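Try each task first, then compare your notes with the worked solution.

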Amino acid sequence: MNPTRRQMSFVFSLCRKNEWNRILHMVQENPAITTALMIMDNHISTTILHQAITSKANTQIRARVIQTILDLSPNAARIKNGYGSLPLH
């Protein structure tokens, strides 16, 4: 099921709060969120993968989130953010 903008706004808020365990569960429940764009506070688009890679929070859980996203949706690595950067640049 494709997520709504509101749902992705909630996911972005979880990223900002470093709620990676919750995000991991959400990714497993609805892999469509792995390729959905989120809008940051500065109005630039991003993805969960971009946020998981740039976060400074717990490395182990973020590594699980990143691996799960890449396993479920390999194309997520090809999605550029609003700055034109790939997640793994």
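**Exercise 1.** Find which residues Ala 36 touches, not counting residues up to four places away in sequence, and decide whether Ala 36 is buried or exposed.

*Solution.* Keep in mind that this is a predicted model.
- Step 1: Ala 36 sits in the loop between α2 and β1.
- Step 2: list its partners. Leaving out residues up to four places away in sequence, Ala 36 touches Pro 3, Met 8, Thr 46 and Thr 47.
- Step 3: check its accessibility. The cut-off for buried is under 20% relative accessible area. Ala 36 has 12% relative accessibility, so it counts as buried.
- Step 4: Ala 36 and Pro 87 are 51 residues apart along the chain, and their C-alpha atoms are separated by 13 Å.

**Exercise 2.** Work out which residues of α2 are buried and what they pack against.

- Step 1: the buried residues in α2 include Trp 20, Ile 23, Leu 24 and Val 27.
- Step 2: these residues span an arc of only 105° around the axis, so they lie on the same side of α2.
- Step 3: on the face turned away from that buried side, you will find the exposed residues Asn 21 and Glu 29.
- Step 4: the packing partners of the buried residues of α2 are α1, α3 (48-54) and α4.

**Exercise 3.** Describe how α2 packs with α4: what is the angle, and how far apart are the axes?

*Solution.* Take the geometry before the residues.
- Step 1: α2 (residues 20-29) and α4 (residues 59-72) pack at about 15°, and their axes are 9 Å apart.
- Step 2: angles under 35 degrees count as roughly parallel, and α2 and α4 are therefore roughly parallel to each other.
- Step 3: the crossing of α2 past α4 is left-handed.
- Step 4: from α2, the contact uses Trp 20, Asn 21, Ile 23, Leu 24, Val 27 and Gln 28; from α4, it uses Ile 61, Arg 62, Arg 64, Val 65, Thr 68, Ile 69 and Leu 72.
- Step 5: sorted by class, this contact of α2 with α4 has 8 nonpolar, 3 polar and 2 charged residues.
- Step 6: look at one more residue of α4. Gln 60 lies in this helix and is exposed, with a relative accessible area of 67%. Gln 60 and Trp 20 are 40 residues apart in sequence, and 9.9 Å apart in space from C-alpha to C-alpha.

**Exercise 4.** Say where Asn 18 and His 43 lie, and give the phi of Asn 18 and of His 43.

*Solution.* Most residues other than glycine have a negative phi.
- Step 1: Asn 18 has a positive phi, near 60°. Asn 18 belongs to the loop between α1 (5-16) and α2, and is partly exposed, at 38% relative accessible area.
- Step 2: His 43, not a glycine, has a positive phi of about 70°. His 43 lies in the loop between β1 (38-39) and β2 (45-46), and counts as exposed at 68% relative accessibility.

Methods
Residues are numbered from 1 along each chain as its sequence is written. This is a predicted model: local features need pLDDT of at least 70, side-chain atom pairs count only at pLDDT 80 or more; totals for chains, interfaces and linings use all residues. Side-chain values use heavy atoms; hydrogens and water are left out. Axes are lines fitted to C-alpha atoms, for helices over the stretch in contact, and angles run from 0 to 180 degrees between N-to-C directions. Helices (H or I, at least four residues) and strands (E, at least two) are DSSP runs, numbered from the N terminus. Angles under 35 degrees count as roughly parallel, over 145 as roughly antiparallel, 65 to 115 as roughly perpendicular and the rest as oblique. A crossing is left-handed if the near helix is turned anticlockwise from the far one by less than a right angle, and right-handed if clockwise. Contact means heavy atoms within 4.5 Å. Ala, Val, Leu, Ile, Met, Phe, Trp, Tyr, Cys and Pro count as nonpolar, Asp, Glu, Lys and Arg as charged, and the others, Gly among them, as polar. Buried means under 20% relative accessible area, exposed over 50%, partly exposed in between (1.4 Å probe, protein chains only). The arc is that of the directions from the helix axis to the C-beta atoms.
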